[in-house]
Amino acid sequence: MRSTSTPPAKIPPARAGRLWVKIVVTLLLVVEIYPLVWMFLTSLKSNDDYLNHSTWSLPTTWEWGNYGQAWTTGHIGLYVQNSLLAVLPALALMLLLGTAAGFALQIMVWKGRSLTLLVFLAGMMVPPQMILLPLFTVYFQTGLSGTLWPLILTYTGTGLPLTVFMMATYYRSVPRELFEAATIDGAGILRAFWTISVPMVRNALLTVGLVQFFFIWNDLLIALTFTNDQDLRTIQVGLLNFTGDFGATQYGPLFAAICINVFGTLLIYLFLNQKVMKGLTSGAVKG
């Protein structure tokens, strides 16, 4: 007797491929989002919850005051202010000098520009650990110790080689005919730089600036070396030495301070995400 049962329907290959992509993306989202959720929930725990209950348990009481305590007792407000005072001037100097150098290396024609670019590339290969002791000696002898200037100058110097290389790469996609036409119209080098080149690489400037911002904002080694005063600590050094009343570590306020740091930088990236994507692709096509 012949069976009347129908064979199971096969999933089309294209649909099966999309299903696997969705599964992988979902797993990646869980891997990325779950630590953030756990960190946020831990920031709302009391010290008793953290010490006497499971690490994965929910808070028994929601301690929203941990954020206020982190901002006042933990001095996170001061550390954020110090980080901004060190990072923003360094970032401005880095972008200004790096954009000008990239313009000179790619748009202007002069002897030795290829060798100069190699010198900048060589600067990317120098480990920061090798220059800390000489810089510390120089800053001490020049009287800059005890200020934020060592951080500003060191961040600018260490970030400049990568900035110059990236901006020189972006300038390769800028049509040379624009500068030739500007020269014919009587524009000088400075005018061509400010009025033509800078507006055309503004997405690249935003991308490079955001990348460098995260690099120097999350720096611990340089800030720990050159900030010997508690009033000059950046946020990363402040989190490393975070203590509550009487020198005891309060884990709720500590995780609250970490959340302020992490979610603040995450919001900056999410707000500028589309412009960063445009900047990443603007140097990929020439013409």
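Which pattern does the protein follow, read along the sequence? The pattern is α-α-α-α-α-α-α-α-α-α-α-α-α-α. The protein has 14 helices and zero strands. Helices (H or I, at least four residues) and strands (E, at least two) are DSSP runs, numbered from the N terminus.

This is a predicted model: local features need pLDDT of at least 70, side-chain atom pairs count only at pLDDT 80 or more, and totals for chains, interfaces and linings use all residues. Residues are numbered from 1 along each chain as its sequence is written, and side-chain values use heavy atoms, with hydrogens and water left out.

**Whole protein**
- Of the 287 residues, 36% count as buried (under 20% relative accessible area; exposed is over 50%, partly exposed in between; 1.4 Å probe, protein chains only).
- Among contacts (heavy atoms within 4.5 Å) with a separation of 6 or more, 73% join residues 24 or more positions apart.
- The accessible surface comes to about 17,500 Å², and carbon and sulfur atoms hold 69% of that surface.

**V25**
- V25 sits in helix α1 (residues 13-43).
- V25 is partly exposed, at 40% relative accessible area.

**T158**
- T158 belongs to helix α7 (residues 149-171).
- T158 is partly exposed, with 33% relative accessibility.
- Leaving aside neighbours within four places in sequence, T158 contacts I131 and I222.
- M124 is 34 residues from T158 in sequence, yet 7.9 Å away in space, C-alpha to C-alpha.
- A polar atom of the T158 side chain lies 2.8 Å from the backbone oxygen of T154.
- For the backbone oxygen of Y155, the distance to a polar atom of the T158 side chain is 3.3 Å.

Technical notes: Polar contact = N/O pair within 3.5 Å; in protein donor to acceptor, adjacent residues only side chain to side chain. Areas by Shrake-Rupley, 256 points an atom, 1.4 Å probe, with all protein chains shown as cover.
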